[in-house]
Amino acid sequence: MKPEISSPYTNVQYFTRTNSNKNEQIQLAAITDADVQHMYWFLNEEFLGKSKVTEPYYWNMRPGTYTLRVIDDHGRSDTKAFSVLLTQ
């Protein structure tokens, strides 16, 4: 079974503040088969990092429209589009 991205959510707009002093993050997570140990995260084809299946990956938000891809350690993948909007 290919991984299924469970976060970020579908049809949800995410917001980041222009004057925020802290890093606002989105949790990246996926549902996988039991034989998977690691997931590799890509945002608009740029490698973000690797996470264990039992631990989510956190990404520091910035405004834009993105395509998220996760690839498991067996080469199976899933993609999801989402956007981050700037607010005050």
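Let's start at Asp 72, which sits in strand β7, residues 64-72. Strands here are DSSP runs (E, at least two residues), numbered from the N terminus. A word on the source: this is a predicted model, where local features need pLDDT of at least 70, side-chain atom pairs count only at pLDDT 80 or more, and totals for chains, interfaces and linings use all residues. Residues are numbered from 1 along each chain as its sequence is written, and side-chain values use heavy atoms, with hydrogens and water left out.

Buried or exposed, then, for Asp 72? Buried: the relative accessible area is 3%. The cut-offs are under 20% for buried and over 50% for exposed, with partly exposed in between, using a 1.4 Å probe and protein chains only.

What does Asp 72 touch? Leaving aside residues up to four places away in sequence, the list is Met 1, Pro 3, Val 36, His 38 and Tyr 40. Contact means heavy atoms within 4.5 Å. Thr 32 lies 40 residues from Asp 72 in sequence, yet 7.9 Å away in space, C-alpha to C-alpha.

There is also a polar contact, side chain to side chain, between Asp 72 and Arg 76, at 2.8 Å. That term means a pair of N or O atoms within 3.5 Å; within protein, one must be able to donate a hydrogen and the other to accept it, and residues adjacent in sequence count only if both atoms are side-chain atoms.

Now the sheet. Five strands form an open sheet, ordered β2-β8-β7-β4-β5, with mixed pairing. Pairing takes at least two DSSP bridges between two strands. Strand β4, residues 38-43, runs antiparallel to β5 over six bridges. Phe 42 has Phe 47 in β5 as its bridge partner.

Note on methods:
Helix = DSSP H or I, 4+ residues; strand = E, 2+ residues; numbered from the N terminus.
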